[in-house]
Amino acid sequence: MITKGRVFACHFDGQSEDAQAAAQIQESLQLGEYGISKQGLEAGLGYAGKELAIGGYPQAGKYSLMTGDVLNASAKPLGDVGTNLGGVGARTGDILAMRAAGQGGVGQQKVLSAVDEINKLRSTLSSNGLKTTGLGAEAGSLSNQALSQEAKNPTLSTALGAASGAASIYGALSQPSAKPSPTGAQTTLQSGETGSAGGPATFSLFGPDSNAIPISRV
Amino acid sequence: MILKGYHLACTFQSQGQAESATLQRQTAEESQNLFQLGEPYLKQTMNDFIKDLGAPGSEPASVKNAFSQIEAQNTEAFDQSEGAAPAQVSQLAKSSGYRGAQGATDQASASALLDLEKRRKAVESQTKQQEYDAGMAQRDFDMSSILGISQGGISTSFGYGRNAITAEQYNTANPGNDAITAATTIASIIAALA
């Protein structure tokens, strides 16, 4: 014989306790993980946004150094300019042209690098921004899922269903013949038995046509 | 003999569901253990990446530190060469048997020092340029790591959320079901009180 209390504890409350504990653990892990990640996301996106605002990683110093290298490389003696210095013009022109080309090359690299840097930052911000909003949408879906676990607004049919189910059970239990005996309440499961006037109190939550096994009290 | 309470419970909450809930709790506890194991390192790494980035527009701290060491090593190496240059020129002049004009050795030394300084400047410039490139590469790496870890973490946190919701579905005390469940709950209470 199984008493009511024990059965409830084993199959009803125990399950709920486990489920609740599991849910609480998962919720706490969710919060922990989310906290760390949100901080990182804010830092990463904030940094990229500010970098973009200031025109990217500062590289002016690098190109200034490169220009200096070009000037140093072109700072050479004229070399052999011929016996009557006839080659002075040509050599000087060569050196100046080399210097100008070098400087122009560095300037070109600087501009292209800046474009590349801005593109990179924009791409980082847009792709990560998109991923972040995607995660936000996922959060919204989760929240809807969680809401479905909340108590629904009781519609009329729900309320009536609940009330009638409860009333039928209460009615069955409150019949004088169904009172528990002083030696202990005992209810027999009689599969297939149906209720009849004057017979044992019988009820079924699903009605007589369902597959549910009716419960009767002896 | 079985009481009505048992029957009501078993009609709507199977043994399998109860076992699933137990398993879910165990799995949740294992998740928690693993989270506790990984969380400190995750936090530490994330903080390190953020700290390394520093303020926008500034050089990542790790690169700054690395290149200050490289520059110090370069300076030391060139200083040693500078100190050794005159003696080395003098030694070469003696061993070669050169007997040129007075002061020729000194002039050669001075010329060697000038050339050395020119080379030092060139190395310094190249190192500095490499530092800029390394700084930008490190910035990209830090930023990519922070964003990657964060987005992965948020996905994981939503995974935990999904698990929590699934776990709640096994919570029979949860009222979010239909009329039958509601009726069962009320009936169970009444049955327990009867």
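**View 1. Chain A runs α-α-α-α-β-β-β from its N terminus.** Its secondary structure amounts to 4 helices and 3 strands, where helices (H or I, at least four residues) and strands (E, at least two) are DSSP runs numbered from the N terminus. The model is predicted: local features need pLDDT of at least 70, side-chain atom pairs count only at pLDDT 80 or more, and totals for chains, interfaces and linings use all residues. Residues are numbered from 1 along each chain as its sequence is written, while chains are lettered from A and ligands numbered from 1 in the order in which they are written. Of the 218 residues in chain A, 21% are buried; a residue is buried if 20 or more other C-beta atoms lie within 10 Å of its own, exposed if 12 or fewer, and partly exposed in between, with C-beta atoms placed from the backbone. Of the contacts in chain A between residues at least 6 apart in sequence, 58% join residues at least 24 apart; two residues are in contact if their C-beta atoms, placed from the backbone, lie within 7 Å.

**View 2. Chain B has 5 helices and 0 strands.** From the N terminus on, its elements follow the order α-α-α-α-α. Buried residues account for 26% of the 194 residues in this chain. Among chain B contacts between residues at least 6 apart in sequence, 78% join residues at least 24 apart.

**View 3. Helix H3(A) has 60 residues and reaches 87 Å from its first C-alpha to its last.** This span is close to the 88 Å expected at 1.5 Å a residue, the expected value being 1.5 Å times one less than the number of residues. Val106(A), Glu117(A), Leu121(A), Thr124(A) and Asn128(A) are buried in H3(A). Gly89(A) also lies in this helix, which covers residues 88-147 of chain A. Gly89(A) counts as exposed because it has 10 C-beta neighbours inside 10 Å. The C-alpha atoms of Gly89(A) and Leu78(A), 11 residues apart along the chain, are separated by 9.9 Å.

**View 4. Helix H2 (residues 60-74) of chain A packs against H3(A), their axes coming within 9 Å and crossing at roughly 165°.** H2(A) is therefore roughly antiparallel to H3(A), the term for angles over 145 degrees. Axes are lines fitted to C-alpha atoms, for helices over the stretch in contact, and angles run from 0 to 180 degrees between N-to-C directions. On the H2(A) side the contact includes Tyr63(A), Met66(A) and Val70(A), and on the H3(A) side Ile95(A), Met98(A) and Val106(A) are among the residues involved. The crossing is right-handed, meaning that the near helix is turned clockwise from the far one by less than a right angle.

**View 5. Helix H3 (residues 61-96) of chain B and H4(B) pack at an angle of about 165°, with their axes 10 Å apart.** H3(B) is therefore roughly antiparallel to H4(B). H3(B) passes H4(B) in a right-handed crossing.

**View 6. The largest nonpolar core has 13 residues.** Such a core is a set of buried Ala, Val, Leu, Ile, Met, Phe, Trp, Tyr and Cys residues joined through C-beta atoms within 7 Å. Tyr47(A), Met143(B) and Ile146(B) have the most contacts inside it. Two or more residues each come from helix H1 (4-53) of chain A and from helices H2 (15-53) and H4 (104-169) of chain B; H1(A) gives the most, with 5 residues. Leaving aside neighbours within four places in sequence, Tyr47(A) is in contact with Leu53(B), Pro56(B) and Met143(B). Apart from this core lies another, of 12 residues, among them Ala23(A), Ala28(B), Ala167(B) and Tyr170(B).

Definitions and conventions:
Angles under 35 degrees count as roughly parallel, over 145 as roughly antiparallel, 65 to 115 as roughly perpendicular and the rest as oblique.
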